[in-house]
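Work through the exercises below with the sequence and the model open side by side.

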Amino acid sequence: MKRWVALYLVSLAAAALAANRFVRIPENQAIAWPNHDLIDVNHATAQDWMLLPGIGEKRAQALVALQKQKGCLKGPEELTEAEEISKALAEQIKPYLTFE
């Protein structure tokens, strides 16, 4: 009986370690967007923007201000008009966005 309990605990620990390897994805490599819809750029709040990699409070506020200023954004290239949004960052977050 003790052998089975020990085997069970070892297999449980191994499963937990294996699961931990697959859960941690560095932000700069994250492509999957599980359980999230695309963010509608023309209706996004600052909180919506901050879900994206590389977007903190300051950038989120700049993107909301840009949307209010322009009214309707048509593509990811327009995001670079917001303060501190580079072409590289716009390309990085592009897969998470929709421009409806």
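This is a predicted model: local features need pLDDT of at least 70, side-chain atom pairs count only at pLDDT 80 or more; totals for chains, interfaces and linings use all residues.

**Exercise 1. Overall layout**

What percentage of the 100 residues in the protein chain do buried residues make up?

Residues are numbered from 1 along each chain as its sequence is written, and side-chain values use heavy atoms, with hydrogens and water left out.

Step 1. Buried means under 20% relative accessible area, exposed over 50%, and partly exposed in between, with a 1.4 Å probe and protein chains only; buried residues make up 30% of the 100 residues.

Step 2. Taking helices as DSSP runs of H or I with at least four residues and strands as runs of E with at least two, numbered from the N terminus, the protein chain has 4 helices and 2 strands, which follow one another in the pattern α-β-α-α-α-β.

Step 3. With contact defined as heavy atoms within 4.5 Å, residues 24 or more positions apart account for 53% of the contacts in the protein chain that have a separation of 6 or more.

**Exercise 2. Polar contacts around N42**

Which residues reach N42 or are reached by N42 through polar contacts of side chain with backbone?

Step 1. N42 has its place in the loop between strand 1 (39-40) and helix 2 (46-49), and at 7% relative accessibility N42 counts as buried.

Step 2. A polar contact is a pair of N or O atoms within 3.5 Å; within protein, one must be able to donate a hydrogen and the other to accept it, and residues adjacent in sequence count only if both atoms are side-chain atoms. A polar atom of the N42 side chain lies 2.6 Å from the backbone nitrogen of L73, while the backbone oxygen of N42 is reached by the side chain of Q67 at 3.2 Å.

Step 3. Q67 is found in helix 3 (residues 57-70) and is buried, with a relative accessible area of 18%.

**Exercise 3. D40 and the end of the chain**

Is D40 buried or exposed, and which residues does D40 touch beyond four places in sequence?

Step 1. D40 lies in strand 1 and is buried, with a relative accessible area of 19%.

Step 2. Beyond four places in sequence, D40 touches T98 and E100, and the side chain of D40 makes a polar contact with the side chain of H43 at 2.7 Å.

Step 3. E100, found in the segment after strand 2 (97-98), counts as exposed at 65% relative accessibility, and the side chain of E100 makes a polar contact with that of T98 at 3.5 Å.

**Exercise 4. Salt bridges**

Step 1. A salt bridge is a side-chain nitrogen of Lys or Arg within 4 Å of a carboxyl oxygen of Asp or Glu, and the structure holds 3 salt bridges.

Step 2. K58 forms a salt bridge with E84, the closest N and O atoms being 2.9 Å apart; this pair links distant parts of the chain, with K58 in helix 3 and E84 in the loop between helix 3 and helix 4, 26 residues apart.

Step 3. E78 forms a salt bridge with K70 at 2.9 Å between the closest N and O atoms, and the side chains of E81 and K70 meet in a salt bridge at 3.1 Å, N to O.
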